[in-house]
Amino acid sequence: MLLPSFIQIQKINHYTGHAAGIFSLAQGFAQHEILSGGGDGVIAAWQVGKQENAKGLASIAGNVFALKLVPEMQLLVAGDLNGVLHIINLESKLEVARFAYEGGTIFSIVLINNNNILVGAGNGNAYIIDLTQLKQIAVIEVSDKSIRAVCYIANRREFLFACSDFNIYVYDADNFQLKNVLHGHDNSVFSIALNPSGTRLVSGSRDAQLKVWDVQNNYTCLMTIPAHMFTINDIVFSPDGKLMATAGRDKHIKIWDAEAFNLLKVIDREKFGGHINSVNKLFWSNWNNYLISCGDDKAVMVWEIVISEKGM
């Protein structure tokens, strides 16, 4: 078990430049590059650990709520507030395709193989897009409420959808049939994350609670944790699987033991110079094990989180 006194946290960078709140983060072309997108429609590339200003990769006519870079194809995929999916070719700097889904925001985009992405939309449907042909190839009607987060478990061939109807839906990734519904949250489920070993799924909700699900035992709920004061916007695991971080509307980032799910540290404004508004998105990078956060305060922050050997 890790102990709080053996977790050291330092803010490495505090980037500003966006003209509005930031809602999305994604891996860039290099390990040390992070992309951000927000309410100004700008998609920026930051060189983590360096003080230089961001490079503007693209911009769209809408608030950016989801991002995915597909470097092998030189494609940048962005989902906006109005339910429009933009596919931009970064070589030509042109938008080569767009898909409009009425009914709400696109909150989540995941790559499911070399050519296809899975998109969760505000109308409660999930869409599979073939990036080589730039066409939609499947629709999964998941819920009558928004899909807030999507997860793909490759070895189990499952799609998971966290929805505003308080439920998490598990679908077969091959035949798109519903396999399971995870009940338990008392409000919209905003975030889900799978630990690196694939044994635990963690969900966070507008009810401010975390739930830990046993993936290998039919997603049995193992524990419920009152984690934040308000909505839990995002959840990420460290690449080594030892730590978990959660982002809240309460302006806090919380660091957890990813095995026992004990709270280890709270990154706040007063002690660490954290965010002054809602923390909207997290990304835990393989680059120096840095944790990156963004929020309504228009800032991107980079955190170094070190575990002392005494805390093992």
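Strand S3 (residues 33-38) is largely enclosed by the rest of the structure, because 6 of its 6 residues are buried; buried here means under 20% relative accessible area, exposed means over 50%, and partly exposed lies in between (1.4 Å probe, protein chains only). Strands are DSSP runs of E with at least two residues, numbered from the N terminus. The model is a predicted one, so local features need pLDDT of at least 70 and side-chain atom pairs count only at pLDDT 80 or more, while totals for chains, interfaces and linings use all residues. Residues are numbered from 1 along each chain as its sequence is written, and side-chain values use heavy atoms, with hydrogens and water left out.

In a regular strand, side chains alternate between the two faces of the sheet. In S3, Glu33, Leu35 and Gly37 point one way and Ile34, Ser36 and Gly38 the other, and all are buried. S3 has partners on both sides, with pairing taken to mean that DSSP finds at least two bridges between two strands. Strand S2 (residues 22-27) pairs with S3 in the antiparallel sense over 5 bridges, and the two make a hairpin with 5 residues between them. Within that pair, Gln27 stands opposite Ile34, and Leu25 has Ser36 as its bridge partner. The S3-S4 hairpin has 3 residues between its strands, and Gly41 takes a positive phi near 80° in it.

Zooming out, these strands belong to an open sheet of 4 strands in the order S2-S3-S4-S5, with antiparallel pairing. S2 and strand S5 (55-59) stand at the edges with a single partner strand each, so one side of each is left without a neighbour in the sheet. From one strand to the next, the twist averages 25°, where axes are lines fitted to C-alpha atoms and angles run from 0 to 180 degrees between N-to-C directions.

Strand S24 (residues 253-257) and strand S25 (residues 263-267) pair antiparallel over 4 bridges, and Ile253 has Ile267 as its bridge partner in S25. There are 5 residues between the two strands, and Phe261 in the turn has a positive phi of about 60°.

Next come the charged pairs. A salt bridge is scored when a side-chain nitrogen of Lys or Arg is within 4 Å of a carboxyl oxygen of Asp or Glu, and that rule gives 5 of them. One of these joins Arg157 and Asp174 at 2.5 Å, N to O. Arg157 lies in the loop between strand S14 (147-153) and strand S15 (158-163), and Asp174 in the loop between strand S16 (168-172) and strand S17 (178-182), so the pair ties together parts 17 residues apart in sequence. Arg157 counts as partly exposed at 33% relative accessibility.

Glu158 and Lys179 also meet in a salt bridge, at 2.7 Å, N to O. This pair links distant parts of the chain, with Glu158 in strand S15 and Lys179 in strand S17, 21 residues apart. Glu158 is buried at 2% relative accessibility, whereas Lys179 is partly exposed at 46%. Asp214 and Arg200 make another salt bridge, at 3.4 Å, N to O. Asp214 sits in strand S20 (residues 209-214) and Arg200 in strand S19 (residues 200-205), so this one ties together parts 14 residues apart in sequence. Asp214 is buried at 13% relative accessibility, while Arg200 is partly exposed at 24%. Salt bridges with shared partners also join Arg156, Glu158 and Lys179 into one network.

As for cysteines, a disulfide calls for a pair of cysteine sulfur atoms within 2.5 Å, and a search of the whole structure finds 0. Cys151 is in no disulfide, with the nearest cysteine sulfur, that of Cys163, 13 Å away. That distance is too far for a bond. Cys151 is buried at 10% relative accessibility, and Cys163 is buried at 0%.

Finally, Ser238 lies in the loop between strand S22 (232-237) and strand S23 (243-248), and counts as buried at 1% relative accessibility. Beyond neighbours within four places in sequence, Ser238 is in contact (heavy atoms within 4.5 Å) with Pro196, Leu243, Trp284 and Asn289.
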